[in-house]
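Biologist: Please pick one part of this model and go through it closely, with the cut-offs behind each term. Which contacts hold that part in its surroundings?

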Amino acid sequence: MFKKDIPPSNRSKVKSSVQRGLRQKLLETYPGFEPFIEDVMPKKASLEAVKLYSSRSPVFTFKFQQQTPKTNQNYHPRPDRVTLYTIDSTPLFFQPIDGPPVPHLRLIHAYPSAVPTIQIDRGAIRFVLSGATLMAPGLTSPGGRLPDAEHALEAGQIVGVKAEGKEEICMIGMLKVGTEEIKSKGKGVVIDEGHYLGDGLWRMHLD
């Protein structure tokens, strides 16, 4: 269900006016990128759009496939389209049809302070890296970490997920509930779909 090589027909140059709009949207959604925006998206750089198709319906599912013939057993009749934006084959961020731009993990690794983060305990790492739903106990245990009330994060906000004992952010996804609710309830789904290390989007070849 996943092709690592993207054919040229799925790529297109982004017009300068559209690029300016995307740049502004990225800053509005993630103010933390403001100090780095000239490095991330230089005004004169050529931004390229790559069309991808999700193999399942949720927005944050990243086992991408190209459109496949109906004879293929993995054919999905109504694939969700996601657009990945790159500069010089370097992935920057991707955007579902009806969703906000989401930074690629490679961009997050270069600028880890640009997005708010939460932390899972060691026991949750293998589940997150297998694409499982992130549950509250992985964040409320001694090895987990959530922001204090003054810096609470709201449902619908996109966050980076750190892992206990690890340096790099291992997943980025949208919170289903706010961090104060996670603390008070201590159970339930926190992120049900995310872009994580080793998934199809991470392994995709863009050269």
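Modeller: A salt bridge here is a side-chain nitrogen of Lys or Arg within 4 Å of a carboxyl oxygen of Asp or Glu. The model is predicted, so to speak of a local feature a pLDDT of at least 70 is needed, and side-chain atom pairs count only at pLDDT 80 or more, while totals for chains, interfaces and linings use all residues. Residues are numbered from 1 along each chain as its sequence is written, and side-chain values use heavy atoms, without hydrogens or water.

The part I take is strand S7 and what follows it. Strands (E, at least two residues) and helices (H or I, at least four) are DSSP runs numbered from the N terminus. S7 covers residues 117–120, and both of its faces are covered: Thr117 and Gln119 are buried on one side, Ile118 and Ile120 on the other. Buried means under 20% relative accessible area and exposed over 50%, with partly exposed in between (1.4 Å probe, protein chains only). Ile118, in S7, has a relative accessible area of 0% and is therefore buried. Its C-alpha atom is 8.6 Å from that of Ala163, which is 45 residues away along the chain.

Strands of a sheet pair through backbone hydrogen bonds, either parallel or antiparallel. Two strands are taken as paired if DSSP finds at least two bridges between them. S7 runs parallel to strand S9 (residues 158–163), with four bridges joining them; Thr117 has Gly160 of S9 as its bridge partner. The open sheet to which they belong has four strands in the order S7-S9-S10-S12, and its pairing is mixed. S7 and strand S12 (194–196) are the edge strands: each has a single partner strand, so one side of each lacks a neighbour in the sheet. On average, neighbouring strands of this sheet are turned by 25 degrees against each other, direction ignored. For that angle, axes are lines fitted to C-alpha atoms (for helices over the stretch in contact), and angles run from 0 to 180 degrees between N-to-C directions. At the other end of the order, strand S10 (residues 171–174) and S12 are antiparallel and joined by three bridges, with Gly173 and Gly194 as bridge partners.

The side chain of Asp121 instead has a polar contact of 2.5 Å with that of Ser141. A polar contact is a pair of N or O atoms within 3.5 Å; within protein, one must be able to donate a hydrogen and the other to accept it, and residues adjacent in sequence count only if both atoms are side-chain atoms. Beyond its neighbours within four places in sequence, Asp121 is in contact with Pro137, Gly138, Ser141, Gly143, Gly144 and Glu164.

Glu164 also pairs with Arg122 in a salt bridge, the closest N and O atoms being 3.8 Å apart. Arg122 lies in H4 and Glu164 in the loop between S9 and S10, so this pair ties together parts 42 residues apart in sequence. Arg122 is exposed at 54% relative accessible area, and Glu164 is partly exposed at 23%. The whole structure has five salt bridges.

How values were computed
Contact means heavy atoms within 4.5 Å.
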